Amino acid sequence: MGPRFLVYASCALSIWGDRMWHFAMSVFLIELYGHNLLLTAVFGLVVAGSVLVFGALIGDWIDRKPRNKVAHASLFIQNSSVTACCVVLMLVFSYKTEIEQMWHGWFTVFCYAVVIILADLANLASTALTITIQKDWIVVITGDNRGQLAGMNAAIRRMDQVINIFAPLSVGQVMTWASNVIGCGFILGWNLISLLVEFIFLSRVYQLVPPLAVKSQQNAGEYVIERQVELTNVPGDLPICSAVVEFINKPGIPEAPTEQKSSPEMQRKSVTKLPLCFRKMHRMLCTCRDGWKAYYRQSVFLAGLGLAFLYTTVLGFDCITTGYAYTQGISGSLLSILMALSAFSGLMGTILFTKLRKHYGLAVTGVVSSLLHVSCLMLCVFSVFAPGSPFDLGIFSLLTSKNSSLNHETLQKNQLHIYPFQRNINQPILPDRSSIHWTNNTVLLDSVHGSDHPESYISIILLFSGVILARIGLWSFDLTVTQLLQENIPESERGIVNGVQSSMNYLMDLVHFIMVILAPQPQQFGLLVIISLLFVITGHVMYFIYAKKYKIKETVIQTNSERKPQNPSV
């Protein structure tokens with residue numbers, strides 16, 4: 001019952017609940033709207049937009065508050081939001097006919113809005129909890145032992161891969177053999193029990209690891225000077241101002257220059273003249289601005305940005321790729337087997353990461369993982385031009401010729417029923433995209449009509465061979481960048497920088513859905529594959545630039561230490 005075991009148990013319970021909820025939510029939204037994907041599309045946009053907007057604010061809140069209060073508050077908000085959402089869904093499923101007749105149908109719209117808002121709030125709280133535990137707590141628990149840090153990161157990723165298979169299966173069986181109402185009740189009960197157990201476990205970890213109660217005050221004087229105007233919400237708030245001045249003038253914290261003192265003072269006077277709501281809005285905007293600035297000035301900025309670029313891809317087991325495979329004659333059962341193989345490939349990636357990091361270090365591990373990832377994805381590019389591929393750039397001319405009835409019939413015949421706004425929690429790149437995707441591939445297949453068998457399966461075999469094998473390098477690279485962020489981000493900025501990183505991940509993920517909107521035909525999927533590979537290569541090139549700077553800096557430090565004269569008295 002040591003700290004690491006308790007963290008593993010808490011993460012396992014949290015991940016299991018998240019996976020069940022994400023799976024069931026996609027089913028519920030489709031059932032609510034009559035097997036239409038509109039609600040799923042709206043929900044995906046709301047989730048992505050909220051993390052994009054509030055990512056920095058969540059990170060700033062994590063940095064400012066004590067660790068135990070952040071963890072407990074995030075845990076309570078997440079589980080209570082899911083519980084409330086389940087109650088609303090149970091009422092809607094049980095009294096759907098009566099609800100549709102109230103307020104001329106507008107009460108139904110109100111219920112949909114409540115469900116989406118509660119689910120989005122749960123996702124934001126889940127993002128905060130993931131950043132707190134997986135990006136901060138385990139760094140403090142392992143201390144300076146980077147080997148233990150790598151081991152904990154890899155262990156949590158392995159749990160995520162295994163749970164990702166069995167959690168949706170468990171709740172799916174309940175919903176299939178019972179009903180959606182029973183499924184909601186099952187998730188509700190799990191969240192209440194999980195809330196209690198996780199609360200006890202995290203509280204115990206906080207007691208067993210005293211350093212968790214202490215937060216670094218590095219650069220605190222500069223932080224207070226920069227944020228002085230944002231912290232002052234009431235005109236003439238003399239206690240706050242005096243506290244700030246007293247803190248700045250403490251021994252050990254350098255006094256700010258006169259120009260720096262006068263400028264914030266003038267800004268404070270101008271801001272305090274505004275109404276309260278505008279002052280709060282100004283504070284939030286300043287927090288977001290400071291968060292993005294802090295993210296940009298990190299030494300691992302290029303590595304984090306490179307990881308975000310990997311989200312702009314259709315080469316994963318999301319609704320886009322699986323929907324395309326289904327139209328090419330791949331059955332749902334075979335797709336399930338391929339997803340299991342993908343999970344096994346991800347487990348191999350975590351093992352590869354621990355081996356490479358132990359022998360060659362993080363920087364080299366990232367380079368090897370990048371080369372392996374890109375090499376495997378080249379199979380996907382080969383699939384575009386292989387026999388059986390529907391790739392045909394001539395479809396663009398059909399799209400621009402709206403006056404031709406023949407072209408219109410051709411488009412109708414070859415229409416690919418994929419829904420780009422859907423999000424998929426199974427996207428393996430997200431370290432915390434607990435985040436991040438909210439669609440179920442099995443549900444998508446109910447709405448997709450499979451086409452006749454292609455002339456050759458060579459193209460689809462190459463495509464999924466590349467996607468599955470690339471998971472080894474992808475997961476290894478993901479763990480590499482994750483640990484680089486953990487080791488190099490100052491403790492005082494760990495929350496806000498990781499919050500901005502989550503925002504960047506969602507932003508780049510939205511770009512890949514926009515690509516699918518612009519090129520939704522099966523004949524255009526090959527073009528999406530090529531564009532995805534370009535984004536992936538760009539992300540890895542950013543990492544190569546970072547790794548080169550990292551190695552140069554490491555060499556300089558080593559050279560200086562060797563040239564330093566030895567003290568003969570030692």
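This is a predicted model: local features need pLDDT of at least 70, side-chain atom pairs count only at pLDDT 80 or more; totals for chains, interfaces and linings use all residues.

Residues are numbered from 1 along each chain as its sequence is written, and side-chain values use heavy atoms, with hydrogens and water left out.

**Overall make-up**

- The chain has 22 helices and 0 strands, where helices (H or I, at least four residues) and strands (E, at least two) are DSSP runs, numbered from the N terminus.
- Of the 570 residues in the chain, 53% are buried, a word that means under 20% relative accessible area, with exposed meaning over 50% and partly exposed in between (1.4 Å probe, protein chains only).

**Nonpolar cores**

- The largest nonpolar core has 70 residues, and Trp21 and Leu89 are those with the most contacts inside it; such a core is a set of buried Ala, Val, Leu, Ile, Met, Phe, Trp, Tyr and Cys residues joined through side-chain atoms within 4.5 Å.
- Among the elements that give two or more residues to this core are α1 (3–32), α5 (106–142) and α21 (494–518), and the largest share, 18 residues, comes from α5.
- A second, separate core has 65 residues, including Leu338, Phe353, Leu463 and Leu474.

- Helix α13 is mostly covered, since 8 of its 9 residues are buried, among them Phe301, Leu305 and Phe309.
- Two packed helices are described by the angle between their axes and the distance between the axes; the axes are lines fitted to C-alpha atoms, for helices over the stretch in contact, and angles run from 0 to 180 degrees between N-to-C directions.
- Helix α13 (residues 301–309) packs against helix α20 (residues 458–488) at an angle of about 145°, with the axes 10 Å apart, and this crossing is left-handed, which means that the near helix is turned anticlockwise from the far one by less than a right angle, whereas clockwise would be right-handed.
- In that pairing, Ala303, Gly304 and Leu307 of α13 meet Phe477, Asp478 and Val481 of α20, where contact means heavy atoms within 4.5 Å.
- Helix α13 also packs against α21, at an angle of about 30° and with the axes 8 Å apart, and the crossing of α13 and α21 is right-handed.
- Here Gly304, Leu305, Leu307, Ala308 and Phe309 in α13 meet Gln501, Met504, Asn505 and Met508 in α21.

**Two single residues**

- Val529 lies in helix α22 (residues 525–563) and counts as buried because its relative accessibility is 1%.
- Leaving aside neighbours within four places in sequence, Val529 is in contact with Val314, Leu315, Cys380, Val381 and Val384.
- Val529 and Leu463 are 66 residues apart in sequence, and their C-alpha atoms are 9.4 Å apart in space.
- Gly189, found in helix α7, is partly exposed because its relative accessible area is 24%.
- The C-alpha atoms of Gly189 and Thr83 are separated by 8.3 Å, although these residues are 106 residues apart along the chain.
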